[in-house]
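Here are some exercises to work through with the model open beside you. Try each task before you read its solution.

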Amino acid sequence: MYNENTLNKFSREHRWIGVTFFLDLINGLSLTFKYMFSKSVTMQYPDREKWVPYPRHRGHHVLRRDENGENKCVACELCAKICPCNCITVVPYEDENGKRRPLVYDVDMARCLYCGLCEDSCPEEAIALGSVFEYSSYTSEELVVGRDSLLEMDGKTEYPGSVVKARYLPLAQSTVEAQESSGYDWWRFIHRKD
Amino acid sequence: MELMIAAAVIMVKVILITVILFIVPVPLTWLERKIAGHIQQRMGPMRVGWHGLLQPVADGLKLLTKEDNIPDQSDRVLFKIAPFVALVPPFMVFVAVPFGDDVSIFGYETPLYLSDMNVGLLYILAVAGLEIYGVIFGGWASNSKYALLGSLRTCAQLISYEIPMGFAVIGVVMLSQSMNLSDIVDAQEPLWFIVYQPLGFFVFFIAGLAEAQRIPFDLAEAEGDLGAGYHTEYSGMRFSFFMISEYLVMLTISVLCVLLFFGGWHGVLIPLPAPIWFALKVGFFIYLFMWFRFTFPRYRYDQLMSIGWKVLVPLSILNILITGIFVY
């Protein structure tokens with residue numbers, strides 16, 4: 001495509017030929033002309049498209065359920081202990097089956113630094129950092145998320161690294177609703193195929 | 001009665017040209033942003049209207065509602081008149097610009113220009129040079145180092161590039177034996193002057209780029225080192241006057257390129273109405289200006305000066321010599 005050695009076609013003492021006829025400038029112009037008609041790589045995020053994060057993306061926290069639909073968390077408080085910014089509050093209680101479960105499981109999204117240590121430390125693989133990344137808010141109180149809403153959050157993604165069609169909902173807290181499950185690979189125009 | 005009709009026709013033409021000239025920068029800003037976007041593999045404005053077509057309207061509304069800020073220590077009178085001084089000359093240029101052959105509307109034969117001056121070319125070069133006063137006033141009155149440096153650079157640039165520009169045009173005048181723009185265009189009916197005057201066009205185009213303060217000669221508003229150049233301190237409508245004037249200068253240079261070197265409204269192969277051919281050619285040059293802008297880096301100030309005086313002036317004189325020999 002772009003030949004950066006146009007000027008070097010001439011030997012060192014004849015370089016003035018290329019310079020006189022502006023071969024370097026013409027080369028640059030042809031490059032930009034090609035780009036002008038190439039496909040743009042813009043992801044039209046809020047309006048039409050949305051990015052599906054990779055599974056290792058550390059977004060909004062999730063509490064997982066086991067096969068029986070019960071909260072996996074045993075309220076061991078390891079996550080609260082290891083959390084570097086003390087954003088997790090766990091209060092345990094004993095449920096009707098005599099199991100230790102969290103009565104309170106609050107995560108302060110505003111304090112959290114999304115290091116993922118809670119996820120690493122969890123012996124039951126209950127807490128995880130999921131794929132949701134749109135939860136901005138006008139008050140920091142709203143960013144303290146409780147146990148029940150954590151249980152309802154979306155977990156890790158299934159079609160990671162792709163761009164899906166989406167719809168912008170300015171009235172519903174400015175969220176972007178995905179309209180299909182799998183989209184196209186955003187990197188297709190950027191990764192070289194050679 | 002004859003006189004009344006003639007006056008009415010001229011009035012209509014004046015209003016039409018003024019309105020068109022006020023409107024033209026609006027799509028041009030959109031086009032520039034779109035071209036910039038696509039060259040950089042972006043999309044440019046997309047959100048206001050279909051493919052961002054209403055973006056200039058939104059920008060205009062925004063500029064209208066901005067605070068009209070005048071710096072405390074500025075020269076208030078000069079500061080206020082500078083945008084108008086910069087705005088008026090590009091409009092005045094179009095008094096002498098012909099857009100096509102005579103047309104008859106409602107059985108009334110009328111030429112497609114406001115004034116058929118026999119020194120139209122000289123008038124255009126002279127009036128286009130007046131725009132520099134707006135730049136000087138704006139830079140001086142702002143009482144800001146960025147604005148002052150920007151206007152200093154602009155002055156030096158415009159003055160040194162007007163000379164090769166004028167010289168480059170002499171070749172055309174020698175060939176067509178006239179300074180009347182309609183005559184110059186008519187002289188190109190068999191063959192465009194670009195064929196006879198490649199050197200002249202080259203010098204004229206580069207000098208035109210510098211006149212319009214476009215990249216690679218946009219030292220006046222080098223964003224990186226000067227803020228925005230001479231209109232750093234301007235806001236709101238006054239700023240947009242400067243922008244309109246810049247786009248109109250670009251339009252002027254494109255129009256002059258077409259009229260002097262590319263056969264004006266004479267088409268090739270495809271028979272289209274004269275004004276449409278004219279608009280197509282002008283549009284091509286405007287695209288060229290924008291394409292250059294997003295391809296090239298900016299020249300350094302001393303390089304700019306040395307290109308002007310050491311390359312373009314000798315080349316334009318050489319062009320006059322060659323043309324003289326051939327005409328003789």
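**Exercise 1. Work out what share of the contacts in chain A with a separation of 6 or more comes from residues 24 or more positions apart.**

Step 1. Start with the term: two residues are in contact if their C-beta atoms, placed from the backbone, lie within 7 Å.

Step 2. Keep the contacts in chain A with a separation of 6 or more; residues 24 or more positions apart account for 63% of them.

Step 3. Do likewise for chain B, where residues 24 or more positions apart make up 78% of the contacts with a separation of 6 or more.

A word on the model before going on: it is predicted, so local features need pLDDT of at least 70 and side-chain atom pairs count only at pLDDT 80 or more, while totals for chains, interfaces and linings use all residues. Residues are numbered from 1 along each chain as its sequence is written, and chains are lettered from A and ligands numbered from 1 in the order in which they are written.

**Exercise 2. Compare each chain with a compact globule of its number of residues.**

Step 1. For the 194 residues of chain A the rule gives a value near 16 Å, but the chain has 26 Å. Its C-alpha atoms fill a box of roughly 90 × 35 × 35 Å along the principal axes.

Step 2. For the 328 residues of chain B the rule gives a value near 20 Å, and the chain agrees with it at 20 Å. Here the box is roughly 55 × 50 × 45 Å along the principal axes.

Step 3. Buried residues make up 18% of chain A and 41% of chain B.

**Exercise 3. List the elements and domains of chain A.**

Step 1. Helices (H or I, at least four residues) and strands (E, at least two) are DSSP runs, numbered from the N terminus. Chain A has five helices and nine strands, whereas chain B has 13 helices and two strands.

Step 2. Read from the N terminus, chain A goes α-α-β-β-α-β-β-α-β-β-α-β-β-β.

Step 3. The domain bounds come from an automatic or database domain assignment. In chain A it gives domain 1 (7–36), domain 2 (40–54 + 157–194) and domain 3 (60–129 + 136–152). The centres of domain 2 and domain 3 of chain A, taken over C-alpha atoms, are 28 Å apart.

**Exercise 4. Which strands of chain A pair with S7(A)?**

Step 1. Two strands pair if DSSP finds at least two bridges between them.

Step 2. S7(A) (residues 162–169) pairs with S1(A) (residues 49–51) over three bridges, in the antiparallel sense. Across this pairing, Lys50(A) stands opposite Val164(A).

Step 3. S8(A) (residues 175–178) runs antiparallel to S7(A) and is joined to it by four bridges; Arg167(A) has Glu177(A) as its bridge partner.

Step 4. S9(A) (residues 184–185) pairs with S7(A) over two bridges, again antiparallel, with Val163(A) opposite Tyr184(A).

**Exercise 5. Is Phe262(B) buried or exposed?**

Step 1. Find Phe262(B) in the loop between helix H11 (236–261) and helix H12 (274–293) of chain B.

Step 2. Phe262(B) counts as buried because it has 22 C-beta neighbours inside 10 Å.

Step 3. Leaving aside neighbours within four places in sequence, Phe262(B) is in contact with Trp192(B), Ile194(B), Cys257(B) and Lys281(B). Trp192(B) is 70 residues away in sequence, yet the two C-alpha atoms are 5.4 Å apart.

**Exercise 6. Describe the side of chain B that touches chain A, and the confidence values.**

Step 1. Eleven residues of chain B are in contact with twelve of chain A.

Step 2. Those of chain B divide into six nonpolar, three polar and two charged. Ala, Val, Leu, Ile, Met, Phe, Trp, Tyr, Cys and Pro count as nonpolar, Asp, Glu, Lys and Arg as charged, and the others, Gly among them, as polar.

Step 3. The predictor gives the complex an ipTM of 0.81 and a pTM of 0.83. For pLDDT, the predictor's confidence in each residue from 0 to 100, chain B has a mean of 87, with 98% of its residues at 70 or more.

Key. A residue is buried if 20 or more other C-beta atoms lie within 10 Å of its own, exposed if 12 or fewer, and partly exposed in between; C-beta atoms are placed from the backbone. The radius of gyration is taken over C-alpha atoms; the globule rule is 2.2 Å times the number of residues to the power 0.38.
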